[in-house]
Amino acid sequence: MQLNLPASSQALELDAVMVDLDGTMVNTLGDFAEALNRMLADLQLPPIAPQAIEHMVGKGSEHLIRSVLAHVGAQDVEGAYPRAWQRYEHHYLAINGQFADVYPGVREGLEALKARGLRLACLTNKPLSFTRPLLAAKGLDGFFDQVFGGDSFERKKPDPMPLLKTCEALGSQPARTLMVGDSSNDAQAAQAAGCPVVLMTYGYNHGQPITAVAAQAHLDSLAQLAG
Ligand SMILES: O=C(O)COP(=O)(O)O
Ligand SMILES: [Mg+2]
């Protein structure tokens, strides 16, 4: 089907859409802050502010934990990492979704894409064991034919591998499969995979303006895809 992008003369010929999770569908900064600060308390390390965490989200949990340990001045990041991961996983699963909200327009946008007969996948760098319960808790799980996390494949976004594997699972050509994301990781992966990409302006992009990242469109709400 054809998808017309707002503020663009471009129409995309699509069979499927891959949708990122953190910063695109759900504002999970509160969950990250809660789980990370409980982890830091267990390790007897100082807390971290949510604004600092926002710049570290996007490249998966391993990268996030290492960045946080370095930020709070852990003496030996690699030495502290195994226990940090174990405490983080424990706390994240305990609070998953309690400090997180679905962004306005997400349900409307997903409903509109589904109504047009597009196959949908959730493709996130978040571990799959965190992803499935979060989608269910927010009532978003029913939209997706496929759900893949940062540990579903050998490599994560910005590598194109997760997108190519997801296209395969959806039975859709990359050029006819739209990536909807919020960060340069999504855009780089899409470009390398040969997928069109649209970027949401409200998410997390390592503290850099997302409008500086090339995309078919930059949108303030997923509901704009419904138009
Ligand atoms: O967990 C992360 O690092 C970010 O996840 P995302 O790919 O859904 O933005
Ligand atoms: Mg994201």
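Predicted model: local features only at pLDDT ≥ 70, side-chain atom pairs only at ≥ 80, totals over all residues.
Strand β8 has five of its five residues buried, so the rest of the structure largely encloses it.

**Strand β8 and its neighbours**

- Both faces of β8 are covered: Thr177, Met179 and Gly181 are buried on one side, and Leu178 and Val180 are buried on the other.
- On one pairing, β8 runs parallel to β3, and four bridges join the two. Val19 sits opposite Val180 of β8.
- β8 also pairs with strand β9 (residues 197–200), again running parallel, with three bridges between them. Here Met179 faces Val197 in β9.

**Strand β6 and its neighbours**

- How many of the five residues of β6 (residues 119–123) are buried? Four are, so this strand too is largely enclosed by the rest of the structure.
- β3 turns up again as a partner: β3 and β6 run parallel and are joined by four bridges. Val17 stands opposite Leu120 in β6.
- β6 is also joined to strand β7 (residues 146–148), by three bridges, and the two run parallel. Cys122 has Val147 in β7 as its bridge partner.
- To get from β6 to β7, the chain passes through helix α6 (residues 128–137), and this β-α-β crossover is right-handed.

- Asp22 and Asp182 bring distant parts of the chain together, being 160 residues apart. Asp22 is in the loop between β3 (16–19) and β4 (26–27), and Asp182 is in the loop between β8 (177–181) and α8 (184–193).
- Asp22 counts as buried because its relative accessibility is 9%, under the 20% cut-off.
- Asp182 is buried as well, with a relative accessible area of 3%.

**Ligand 1 and its surroundings**

- Ligand 1 has quite a list of residues around it, including Asp20, Asp22, Gly58, Lys59, Gly60, Thr124, Asn125 and Lys157.
- On its own, ligand 1 has 280 Å² of accessible area, and the protein covers 96% of that.

**Asn125**

- Where does Asn125 sit? You'll find Asn125 in the loop between β6 and α6.
- Asn125 is buried, at 8% relative accessible area.
- A polar atom of the Asn125 side chain is 2.9 Å from the backbone oxygen of Gly58. The backbone oxygen of Lys157 is 3.0 Å from a polar atom of that side chain.
- Gly58 and Lys157 are themselves among the residues surrounding ligand 1.

- Watch the Lys157 to Pro158 peptide bond, which is cis, with omega near 15°. Pro158 belongs to the loop between β7 and α7 (161–170).
- Gln44 isn't a glycine, yet its phi is positive, at about 55°. Gln44 is in the loop between α1 and α2 (50–54).
- Is Gln44 buried or exposed? Gln44 is exposed, with a relative accessible area of 74%, which is over the 50% cut-off.
- His206 is another non-glycine residue with a positive phi of about 55°. His206 lies in the loop between β9 and β10 (217–219).

**Leu36 in helix α1**

- Leu36 is part of helix α1 (residues 29–42), and at 0% relative accessibility Leu36 counts as buried.
- Leu36 and Arg116 are 80 residues apart along the chain, and 39 Å separates their C-alpha atoms.

Methods: Residues numbered from 1 in each chain as written. Chains lettered and ligands numbered in written order. Heavy atoms only, no water. Buried < 20%, exposed > 50% of the residue type's maximum accessible area, 1.4 Å probe, protein only. Pairing = 2+ DSSP bridges. Right-handed = clockwise from strand over helix to strand, strands pointing away. Near = heavy atom within 4 Å. Areas by Shrake-Rupley, 256 points an atom, 1.4 Å probe, with all protein chains shown as cover. Polar contact = N/O pair within 3.5 Å; in protein donor to acceptor, adjacent residues only side chain to side chain.
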